[in-house]
Amino acid sequence: MKILKALIVFSSCLLSVVSTAFAQQDLKLWYNKPAANWNEALPIGNGRLAAMVFGTTGIERIQLNEETVWAGGPHNNVNPDVKTVIPELRKLIAEKQFVEAQRLANSKMFSKQNGMPYQTIGSLYIQFPGHDTVQDYYRDLDISKAISSVSYSVNGIRYKRVMFVSFTDQAVIVHLTADKPGSITCNLSMHSPMHNYQVAVTDGKLVMNGKGDSRSGIDGAIKFQALVKAVTDGGNIIQDDTLLSVKNANAVTIYIAMGTNFKNYHDVSGDAGKRTAGFLDMALKKPYDMAIKDHIAFYQRYFNRVGFRLGEGVVSYKPTNERIKDFDKGGDLGLVPLFYQFGRYLLISCSQPGDQAANLQGKWNELDSPPWGGKYTININTEMNYWPAEETNLSELTEPLIQLIKDLSVTGRQSASEMYGARGWMAHHNTDIWRISGQVDKAFYGIFPTGGAWLTQHLWEHYLFTGDKAYLKEIYPVLRGASMYFVNALQEDPDHHWLVVSPSMSPEHDFMHDKTVGAISLTAGTTMDNQIVFDLLSNTIAAAHALNTDEAFADTLLAKKDRLPPMHIGKWGQLQEWLDDMDVKGDKHRHISQLFGLFPGKQISPYRHPELMEAARNMLISRGDVSTGWSMGWKVNFWARELDGDHAFELIKQELKPAPVWKGKIEGGGGTYPNLFDAHPPFQIDGNFGCTAGITEMLVQSYDGDIHLLPALPSAWDKGSIKGIVARGGFLIDMDWDKGKITKLVITSRLGGNCRLRLPNQLRPAGKFSLRAASGQNPNPLFLVNEIKEPIIADPDQLKGMTFEPTKVYDFNTLPGKTYTLVAN
């Protein structure tokens with residue numbers, strides 16, 4: 001009976017169609033009960049604004065965010081007092097007095113401010129008298145349209161709510177209808193966990209005014225306002241001091257506008273009230289039917305670029321929470337494309353050009369002090385947010401991240417100069433809306449001076465996908481400044497005379513423990529640092545060459561790069577995390593930082609460096625699969641680069657297990673909440689984005705000098721299709737496969753130039769072009785491969801060798817804007 005009832009509700013909402021057509025497979029999250037907590041509510045957003053819809057019948061809660069509501073105000077957290085400590089630390093580390101170095105850093109390396117938290121505005125509550133007990137309940141989030149809905153019956157009347165955050169009209173819009181005239185009666189009120197806010201009713205509008213909190217001696221500078229206006233068809237509206245009451249309406253459209261005084265990270269001179277009123281006036285001018293149509297059209301310009309199907313495209317009849325619970329039982333491959341496209345949905349909904357970058361929460365947060373402050377953690381998490389952007393055809397959505405990096409290239413000059421006595425710019429492992437660049441948290445976590453350098457990888461990758469030289473010219477000074485810092489800051493290792501970053505750490509990990517000091521993390525020349533600096537210097541050199549500029553500086557960087565340490569393979573065949581062989585076999589730490597060169601870096605190749613690929617694999621096996629949600633998302637990418645699709649799919653299965661209940665500390669691994677949010681735990685959005693990127697890497701890779709198709713296809717994904725994926729060089733990929741072999745491949749060349757394909761099976765051109773066997777370096781400069789040093793191997797007998805499926809590599813010439821089709825023989 002439960003299954004039958006679910007099918008009836010499903011069918012009534014036009015979801016019961018079993019489709020074998022390609023058209024986007026199963027793109028609704030749906031449920032047969034309201035959200036019991038925030039991790040069951042459904043996220044909607046337009047980049048600047050965000051909301052969580054609970055779908056409760058008696059009292060609907062719509063939790064609200066505006067992206068610039070943060071605590072504190074313009075400042076940088078650089079502590080110039082540490083400048084005299086840095087030389088002492090470097091000396092102690094060079095002498096391998098790591099305990100004393102950690103002791104010194106713990107006592108003297110700190111900031112008075114450790115970053116400001118992202119904060120909520122509060123919630124709109126809509127009370128529906130007599131709606132506590134309902135029948136035929138249904139709610140959903142249609143990610144093909146960016147619309148959430150709730151429907152149910154009370155006393156024979158069918159009620160429906162439609163909710164979206166308009167991209168085009170900059171308001172949260174709630175549309176209430178019933179199938180019997182005069183049936184809608186509700187009360188509207190607002191509440192917030194913020195410490196400083198007021199609610200009143202003025203001129204027929206519910207008005208909330210508030211301020212961001214003061215923290216760590218920094219006054220709250222953000223002023224925010226939310227305006228709520230109800231427009232009725234029939235019925236009437238009654239005003240109270242803090243309440244709007246709608247009586248006996250046929251339909252109601254509720255508009256929620258929000259704004260702040262924030263202009264940029266150093267200017268909060270805007271007028272929150274004027275800005276919010278402007279947003280509301282704009283939204284009210286447009287009829288609802290046109291507003292929803294414009295919203296969908298805007299959203300689908302991004303979303304519809306990519307289609308993904310696995311298997312026969314059968315739509316599951318189960319609610320999404322049950323699909324998650326049962327996924328590891330098999331038989332529901334359709335959940336993978338839904339989870340994949342949900343990641344794209346989230347990025348479209350929280351990172352629009354001109355807005356702020358996606359933070360640890362994306363833009364969705366119900367607290368005044370969210371976990372880890374909801375900041376930008378730049379020792380992996382912020383970077384992970386944008387891994388899927390270029391390759392899943394959302395390149396424009398990297399603009400907020402690019403602007404964040406530009407801002408840091410300004411504020412980061414202060415930390416470079418006042419902390420390290422260096423030119424250029426740098427940032428540590430955290431920043432926030434105020435673009436702080438100093439150390440955040442205690443020395444164990446905070447002395448990570450390569451966070452800014454890691455971010456710059458996205459600047460270069462954007463160029464490799466777009467070929468936009470005007471953009472490259474614009475961001476070249478940012479790359480140059482980041483490289484200039486390391487020209488000054490790299491230190492000579494006394495044992496081998498390599499150039500290394502000191503002091504530094506492998507993110508959040510220790511290599512020894514002292515009874516009095518505790519965990520020891522500070523050292524020099526960690527593998528991740530070496531890889532990040534190699535990446536940065538290589539990219540800056542290539543950018544200078546592409547722009548035909550700055551030849552002398554490029555030569556300086558080349559000389560520095562040649563003195564970086566090689567990678568090391570340790571005594572049990574592992575890729576070492578530190579210069580010294582100190583890795584503990586079986587250590588399950590969530591960060592696997594020494595594999596940056598495998599992903600997102602491009603320094604470890606199965607075809608050019610199989611010994612490093614094997615050493616990375618040994619480290620992955622040692623660390624295990626189960627970990628925090630974002631760590632498992634990263635591991636999907638690692639195993640994809642290892643060309644092991646079955647293992648990558650095992651990580652996806654772990655990711656799609658129900659998340660454990662958050663009890664204030666990490667217990668066991670992460671997983672997925674009923675609303676498909678990734679769990680660290682608690683919620684962190686980077687795992688969603690990391691998994692979407694990883695699935696793409698399983699199907700298409702373009703980092704190793706060619707476009708490798710189906711490089712890590714799981715055996716369970718023997719049939720499928722992916723449309724609209726983008727490879728480096730500006731190549732658009734549409735691909736169908738069956739029994740693990742490509743049946744049809746359509747490539748659109750946006751930029752022209754040589755296209756090099758690495759194929760799992762023979763294909764032939766279906767048109768007037770020809771393939772030729774590839775040899776040597778790819779002549780397309782957007783596929784440049786930077787040669788690395790040979791690794792130092794402690795014990796070659798520990799490496800057993802690896803074998804990979806045979807592939808065929810071909811070149812063919814392309815013209816800009818032309819499409820090329822290949823089919824199976």
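The model is a predicted one.

The chain contains 19 helices and 37 strands. Its radius of gyration is 27 Å. A compact globule of 825 residues would have a value near 28 Å, so the chain agrees with that expectation. Along the principal axes, the C-alpha atoms fill a box of roughly 80 × 70 × 50 Å. Of the 825 residues, 64% count as buried. Contacts with a separation of 6 or more were also examined; 71% of them come from residues 24 or more positions apart.

Charged side chains were considered next. The chain carries 83 positive and 87 negative side chains. The centres of these two sets lie 4 Å apart. Side chains of opposite charge can pair when their charged atoms come close. A search of the whole structure finds 34 salt bridges.

One of these salt bridges joins Glu 67 and Lys 363, with an N to O distance of 2.6 Å. The pair links distant parts of the chain, 296 residues apart. Glu 67 sits in the loop between strand S4 (59-66) and helix H2 (85-94). Lys 363 sits in the loop between helix H7 (335-350) and strand S18 (376-377). Both Glu 67 and Lys 363 are buried.

A salt bridge also forms between Arg 323 and Asp 332. Their closest N and O atoms are 2.8 Å apart. Arg 323 has a relative accessible area of 2%, and so is buried. Asp 332 has a relative accessible area of 13%; this residue is buried because the cut-off is 20%.

Lys 723 and Asp 736 form a further salt bridge, the closest N and O atoms being 3.3 Å apart. Lys 723 belongs to strand S29 (residues 720-727), and Asp 736 to strand S30 (residues 731-738). The pair therefore ties together parts that are 13 residues apart in sequence. Lys 723 has 24% relative accessibility and counts as partly exposed.

Most residues other than glycine have a negative phi, and most peptide bonds are trans. The peptide bond from Phe 599 to Pro 600 is cis, with omega near 10°. Pro 600 lies in the loop between strand S24 (568-569) and helix H16 (610-623). The bond joining His 680 and Pro 681 is also cis, and its omega is about -5°. Pro 681 is placed in the loop between strand S26 (678-679) and helix H19 (686-699).

Positive phi values occur at two aspartates. Asp 441 is not a glycine, yet its phi is positive, at about 75°. This residue is in the loop between strand S19 (430-431) and helix H11 (443-446). With 33% relative accessibility, Asp 441 counts as partly exposed. Asp 550, likewise not a glycine, has a positive phi of about 55°. Asp 550 lies in the loop between helix H14 (527-547) and helix H15 (551-561).

Notes. Residues are numbered from 1 along each chain as its sequence is written. Side-chain values use heavy atoms; hydrogens and water are left out. Helices (H or I, at least four residues) and strands (E, at least two) are DSSP runs, numbered from the N terminus. The radius of gyration is taken over C-alpha atoms; the globule rule is 2.2 Å times the number of residues to the power 0.38. Buried means under 20% relative accessible area, exposed over 50%, partly exposed in between (1.4 Å probe, protein chains only). Contact means heavy atoms within 4.5 Å. Lys and Arg count as positive and Asp and Glu as negative; His and the chain ends are not counted. The place of a charge is taken as NZ of Lys, CZ of Arg, CG of Asp or CD of Glu. A salt bridge is a side-chain nitrogen of Lys or Arg within 4 Å of a carboxyl oxygen of Asp or Glu.
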